[in-house]
Amino acid sequence: MEKLIITAAICGAEVTKEHNPAVPYTVDEIVREAKSAYDAGAAIVHLHVREDDGTPTQSKARFKECIDAILKVCPDVILIPSTGGAVGMTAEERLQPTELPIEMATLDCGTCNFGDEVFENTMPLMRDFGKRMMENNIKPEYECFEMGHLDSILHLVKRGQAPGAPMQFNFVLGVLGCTSATVGNLVWMANAIPAGSTWTVTGIGRHEFALAAPAIVMGGHVRVGFEDNLYLEKGVLAKSNGELVAKVVRIAKELGREIANPTEARQILGLKAI
Ligand code: KMH
Ligand code: ZN
C-alpha cells in the first residue's frame, strides 16, 4: 500500500478562538500551526487565512503573506489554499488565491446545506473555477460534501471543463446537512471515483479519528485539523494542529501504514517534483 498522506486543515473559516484559543488568526499564528503540523508529519497544509481579528478573508495579499511565511519554515510542504472561503463570499473573492503561483487549490463540488447556512457552488461557478485551474496549471482537490457532488464534478471533467486524471478527492463527511460520517458512506464514495484517483477523508468533529482509521486501512489518505475538529479526545481540546496530526501518525503506525513526506506525497498525487 502506498504511504499515507496527512493533510492538516489548520485554520478554516468558521472556528474561532472562543472555540479553541489555539485557532490561528495572525500570520505568525498561522505559521506556528502550519509548522506544528508539518513537524508532526503532515505533508499537506490546507490553508484558509484570516484578518488579525479572526475575520475570514480570501485576500490575495494575505494569502501571499501567509504562504511566503509558511514556506520559510516548511520549505517543501504542499499547500492547498481554499477557494471555498467562507459561506456568502462571491466567486471572485474566493478565486483570489488562484492568481498566485500555487500547486493545488480546493474546488468545491456542489451546493449544500452547511449547518444553518447554504454553501453555494452552482455548476456555472464550478465551471469557472475549473477553467481557472486549468489555465493556471493548478491541481484541484475536489471537495465532496455529498455523494451527488461526485456525479457533478465527473460530469464537468468528462466535458473538459475541470482538470482530469489523476484526480484527488476529499470526502468531507459529517457536515450538518450533508452526507453523514459513516464507514458505509466512505466505502461508497471511495468505490465511486475513477480508477487511478487518490482520495482523502475528512471526518467532521468527533468523526475525525473514527474515519481516519478505516481510511488508513483502505489505502486512502487523511485530513485532520482545527477547521474540522478542535478536540484531541472527548472533552480535551487540542493544543495545536500538530497534536491532531501526531495522533493520526500513531494510529497509522499501529495499523502498519507508513507516512509520506512531501516529496513522496507529490509523487502519489502526480504533482511535479520541486
Ligand atoms: N468554509 C467552508 C464554507 C474549502 O476550503 O474549499 C468551505 C470550505 C471548503 O472550507
Ligand atoms: Zn477549507
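Below are exercises with worked solutions on a predicted model.

Local features need pLDDT of at least 70 and side-chain atom pairs count only at pLDDT 80 or more, while totals for chains, interfaces and linings use all residues. Residues are numbered from 1 along each chain as its sequence is written, and side-chain values use heavy atoms, with hydrogens and water left out.

**Exercise 1. Helix 6**

Task: State which residues of helix 6 are buried and what they pack against.

Solution. 
- Locate the element. Helix 6 spans residues 183-192. Helices (H or I, at least four residues) and strands (E, at least two) are DSSP runs, numbered from the N terminus.
- Apply the burial rule. Buried means under 20% relative accessible area, exposed over 50%, partly exposed in between (1.4 Å probe, protein chains only).
- N185, L186, M189 and A190 are the buried residues of helix 6. They lie on the same side of the helix, because their arc around the axis is only 130°. The arc is taken over directions from the helix axis to the C-beta atoms.
- Find the neighbours. These buried residues pack against strand 9 (139-144), helix 5 (147-158), strand 10 (168-173), strand 11 (198-203) and helix 7 (207-218). Contact means heavy atoms within 4.5 Å.
- Check one residue. N185 has 16% relative accessibility, so it counts as buried. Leaving out residues up to four places away in sequence, N185 touches M147, L173, T179 and S180.
- Contrast V187. V187 also sits in helix 6, but at 33% relative accessibility it counts as partly exposed.

**Exercise 2. Aromatic rings**

Task: Classify the F169 and F171 pair, and name the ring cluster that includes these residues.

Solution. 
- Set the rule. Rings of Phe, Tyr and Trp (its six-membered ring) pair if their centres lie within 6.5 Å; planes under 30 degrees apart count as stacked, over 60 as edge-to-face and the rest as tilted.
- Count. The rule gives six aromatic pairs.
- Classify. F169 and F171 are stacked, at 6.3 Å centre to centre with 25° between the planes.
- F169 has 0% relative accessibility, so it is buried. F171 is buried as well, at 0%.
- Extend. Ring pairs link Y142, F169, F171 and W199 into a cluster.

**Exercise 3. Salt bridges**

Task: Describe the salt bridges K3 with E258, D68 with K64, and R223 with D228.

Solution. 
- Set the rule. A salt bridge is a side-chain nitrogen of Lys or Arg within 4 Å of a carboxyl oxygen of Asp or Glu. The count is 15.
- Take K3 and E258. Their closest N and O atoms are 3.8 Å apart. K3 lies in the segment before strand 1 and E258 in the loop between helix 8 (241-254) and helix 9 (262-269), so the pair ties together parts 255 residues apart in sequence. K3 is partly exposed at 25%. E258 is exposed at 55%.
- Take D68 and K64. Their side chains meet at 2.6 Å, N to O. They are four residues apart in helix 2 (residues 60-73), so about one helical turn separates them. D68 is partly exposed at 36%, and K64 is partly exposed at 43%.
- Take R223 and D228. Their N to O distance is 2.8 Å. R223 is buried at 4%. D228 is buried at 7%. Salt bridges that share partners join E143, R223, E227 and D228 into one network.

Notes:
Chains are lettered from A and ligands numbered from 1 in the order in which they are written.
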